[in-house]
Amino acid sequence: MKKSPSAFANQLLLCVLLAFCTGGSIGLAAVWLRHQVSVTARSNRDLAAEVARLERLIDERKTLLETEQAPDKLRGLNASLRLGLVPMSELPVLQVTENVLERMVRRAGSGPRLETALPPAPVTFRLARN
Amino acid sequence: MSRGFASNRIAVLGVTLFACFAGLGVRLVWLHVVDRDSILRPVVRARPMLIPETARRGDILDARGARLATSRSEIVLGVDPHSLVPKDRRKWPELAALIGMPEDELREKFTPRYAPPAGEAPAPRTVMKPAADDDGDGAPALAFDFSPRATPPADAVGHEEETDPSADPREPRPILWVKLRDDVPESLHETIRRLNIQGVYGRRVYRRVYPSNQLGSHLIGFVNREQQAATGLESYADFYLRGQQGWRLGERDGRNRELPQFAVREVPRFDGYNVRLSIDSTVQDIVEQELAALAAKFRPAKASIIVSDTDGFILAMANYPTFNPNEYNKVPKDEEARMKNIAVTDVYEPGSVFKIVPAAAALEERLVSARTVIDCGVDRATYNGRVLKLPAEDHAMGRLSVAEIISHSSNRGAAQLGMLLGEERLHRYASAFGFGTRLGFPTGEVRGTLHPYKKWYPIDITRIPMGHTVSSTVLQMHQAMSVIASGGVLLRPQIIRQITSSTGDVVYAYDRAEIGRAVSPETAAEVARMLIGVTRQGGTATNAAIEGFDVAGKTGTSQKIIDGRYSNRHHVGSFVGFFPAQRPRVVISVVVDDADRTAAGGNGYGRVVAAPSFKRIGERLIPILGIRPGGESAVPRLLARNEGGRR
C-alpha cells in the first residue's frame with residue numbers, strides 16, 4: 001500500500017496540537033496550583049492573625065480583671081459600696097488548752113460534771129476458788 | 001483543490017506553529033536568562049519585606065498564679081495625612097471622640113505637611129514604610145525596605161512625626177506619620193478600625209502593666225517606656241522574661257500587602273518565660289497594710305517587713321515608703337529613694353536582735369548552757385589583760401541565766417558571752433549567720449559591715465555582741481533568725497520559685513538552697529526555747545505573743561548615728577521572730593527606722609514600734625497559711641489523761 005505524502009504532516013500537526021493541549025493544561029494546572037497556594041497561605045496568615053487578635057483581646061480582658069481585683073481597689077469598693085467586709089483575722093480554729101471534755105460539757109450547759117480529778121473508784125474482783 | 005496543495009498547507013501550518021513555539025521559547029530564554037537580572041532588579045528592590053514579630057514579655061506571677069506584672073498590647077495610633085481621602089472626612093469627628101482628642105487638634109494633625117530640607121531645621125524622623133495591614137487587623141507591624149536609608153525600628157513608636165525615607169533630603173519631605181495617641185487599647189482599636197478611615201493606622205507595642213499597683217513594687221521593679229527593665233526582678237530575670245523577637249522575610253504586592261506565599265524565611269517569635277515567685281499576694285497585702293498602719297501611726301523615716309518560710313523562700317517583702325510601678329515616672333526626683341528595696345540595699349545596726357549570735361555560739365562551743373548564770377550587774381570586766389567597760393543597761397539586771405540574758409535583753413550579759421567566745425570565734429559565728437556577706441538575693445543586695453576581727457578595737461568585743469559596730473541589711477538579720485528557725489542552717493533567701501514557659505511547662509524550678517550550717521540543730525532548738533522567753537511574762541516583747549502559739553523572737557533597738565554620734569532621740573526599732581517555736585512555719589521581721597517622734601515615751605523601741613506589728617501579722621497569717629501550734633500539743637495530752645481516768 002502506498003503511503004500518503006501528507007501522513008507525516010498530519011501526524012506532526014496532531015502531535016503539535018497534543019503538545020499544545022498538554023502544555024496548556026499543565027500550565028493552567030500550575031497557575032491554578034499557585035493560586036491555591038496563595039489562597040491557602042493568605043488564609044493561614046489570616047487565621048493566625050485572627051488567633052493572635054483574639055489572644056490579645058483575651059489578654060487585655062484578663063489584665064483588666066486582675067487590675068480590678070487589686071487589693072487596694074477592692075478595699076476602695078468595700079468602703080464606697082458600704083459592704084462592711086472585713087479581712088479574715090479571727091482564728092478559724094480555737095486552740096483549746098483546758099480540759100476538752102469539761103469545756104464541751106460546760107458549753108452544752110447540761111449533763112453531769114466530769115470529776116476527772118477524783119481518784120478512780122476501787123474495783124473489786126471476785127476470784128474463783130479452785 | 002489538488003491534494004499536493006492541501007499537504008503543503010498542512011506543512012506550512014506545522015512550520016508556523018513550530019516557529020511560534022520556537023519564538024516563545026527564545027523569548028522565555030531571553031527573559032529568564034539573558035535579561036533576568038535587569039528585569040528582576042527593580043522587583044527585588046521593591047518587593048522584599050521584612051516583618052518583625054514582637055515577642056511578648058513574660059508575666060511575673062505570685063505563688064498562687066496571680067499576675068503581678070504582665071504585658072498588654074497597645075496600639076500607637078497615627079495618621080498619614082497624605083493618604084487621607086475626602087470621603088472619610090465625615091468620620092473625623094467620631095474618631096476624635098473615640099481617642100479623646102479635640103476635633104480642631106485632630107484636623108490640624110490631619111493636614112498634609114512637609115518637613116523642611118535637611119540642615120534647615122530639626123527634621124522629623126524618617127519613617128519606615130509600613131506594611132499595609134500585614135495581619136489583617138489594621139495595625140501593621142513595621143516593614144522595612146532594604147535601602148540604606150532605612151533606619152532601625154528600635155524607638156519607632158516614640159516619635160511624633162516621621163518623613164518619607166525615599167524623598168530627597170535636600171527638598172521638603174512629606175510627613176507620612178503623625179502620632180495621634182500612643183496608648184490605644186485593643187478593644188478601642190477594633191472600633192477605630194471599623195471606621196475604616198484610609199490613612200489612619202496603628203503600630204502594635206507591648207506595654208508593661210502591674211495590675212496590683214504598688215503590691216510588691218520594690219521586689220518586682222519596673223520596665224520603663226523604652227521597654228528596658230530598670231530595676232527589681234524585671235531587671236534580674238530579664239533574660240527569661242524578654243523572649244526573642246521573631247521576623248519573617250517575604251514579598252509584598254503593589255499595594256504594600258504581604259504575599260504570604262512568597263515567604264522565604266521565617267524565624268518565629270519566642271515569647272518570654274513567666275517567672276513564678278514565692279511571694280504570696282495575700283501575705284504581701286497584709287504586710288503592706290501593716291506598713292501603712294505603721295507609717296500612719298509612727299511616721300517613721302522608713303520601715304521594712306519581711307515574711308519568709310523556713311526554706312528560705314520569701315513570702316512577702318515590703319518597704320515604706322513605696323511607689324506604684326505603673327506611675328514610676330510620677331515619683332519626684334528628690335524622692336526616688338523610695339523606689340529602692342531598702343530591705344536589701346540599706347544597712348542598720350541590728351542592736352539586740354544580734355544577741356542570738358553570741359548566745360548560739362557560746363552554746364554551740366559548750367562554753368555555757370541555758371542555765372549558766374552570769375553576773376550582769378558588773379560594769380567592767382577583764383579581757384586579755386585589759387579592763388573593759390561593759391555597755392550600759394536600761395535598768396539594773398543582776399545575775400541572769402543565759403536564757404534570761406536573751407529574754408531580758410541584757411547588754412552586759414551579751415558582752416560577757418562575746419568575751420567568753422573571743423574575737424575569732426565571735427567573728428566566725430557572725431559570718432556563719434550571714435553577716436558581712438551577700439546572701440545571694442537576686443536584686444541590689446549589699447553586704448553590710450562585719451570587719452575582720454584582727455581590725456577590731458579592744459572595746460568591740462563588748463559592743464558587737466549587742467549588735468553595735470556591726471551593720472546588716474534587714475534581710476541579713478532576717479536570715480540570721482531563720483538560722484534558728486531552720487535548725488541551724490543558713491539558707492539562701494530566694495524569691496523565684498519557678499520559671500515556666502508561656503504554655504505552662506516548668507523550665508526551671510528553684511529548691512531550698514543551703515549556704516552552710518551555722519550551729520547544730522540542738523543548739524538552734526535551745527536558742528529557740530530561750531527566744532520564747534522574750535514574748536512571755538518577764539520578756540521584753542510580751543506584746544508580740546500570739547495566743548495559743550509559742551512565739552520565739554527578739555527585740556532590737558539601736559541608736560542611730562547622727563552627726564557622727566549615737567543619738568538618744570533617733571532609734572531603729574525591730575522585732576525579728578518566728579512561730580510556732582517548736583516547729584516554725586514563718587519567720588517575720590519588722591524594722592522601723594526613726595519612729596521616735598510619735599512613739600510612746602518618745603523612743604522608737606523595738607518592743608513599742610515593731611513587736612505589735614509582728615503579732616498582728618502573725619495572727620492574720622495563721623488562717624491563711626493554715627498554721628497549727630507546733631511541738632507538744634496540749635489537746636492530745638489532756639485527751640490521754642481523760643482516757644486514763646476512765647479505765
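The buried residues of helix α19 of chain B pack against α9 (281-298), β13 (302-308), β14 (314-320), β26 (565-579), β27 (586-593) and α18 (606-609) of chain B. Here, buried means under 20% relative accessible area, with a 1.4 Å probe and protein chains only, and contact means heavy atoms within 4.5 Å. Helices (H or I, at least four residues) and strands (E, at least two) are DSSP runs, numbered from the N terminus.

The model is predicted, so local features need pLDDT of at least 70 and side-chain atom pairs count only at pLDDT 80 or more, while totals for chains, interfaces and linings use all residues. Residues are numbered from 1 along each chain as its sequence is written, chains are lettered from A and ligands numbered from 1 in the order in which they are written, and side-chain values use heavy atoms, leaving out hydrogens and water.

Chain B as a whole contains 20 helices and 27 strands. Of its 647 residues, 52% are buried. Among its contacts between residues at least 6 apart in sequence, 72% join residues at least 24 apart.

Helix α19(B) covers residues 611-625 and spans 20 Å from its first C-alpha to its last, close to the 21 Å expected at 1.5 Å a residue, where the expected span is 1.5 Å times one less than the number of residues. Because 11 of its 15 residues are buried, α19(B) is largely enclosed by the rest of the structure. Among these buried residues are Phe614(B), Ile617(B), Gly618(B) and Leu621(B). Just after the helix, Gly626(B) adopts a positive phi of about 65°.

Strand β27 of chain B contains Ile588(B), which is buried with a relative accessible area of 0%. Beyond residues up to four places away in sequence, Ile588(B) touches Phe614(B), Ile617(B), Gly618(B) and Leu621(B), and also others including Ile306(B), His478(B) and Phe575(B). The C-alpha atom of Ile588(B) lies 9.0 Å from that of Gly553(B), 35 residues away along the chain.

Elsewhere in chain B, helices α11 (residues 356-364) and α13 (residues 411-421) pack at an angle of about 45°, with axes 9 Å apart.

Definitions and conventions: Axes fitted to C-alpha atoms, helices over the stretch in contact; angles between N-to-C directions. Buried < 20%, exposed > 50% of the residue type's maximum accessible area, 1.4 Å probe, protein only.
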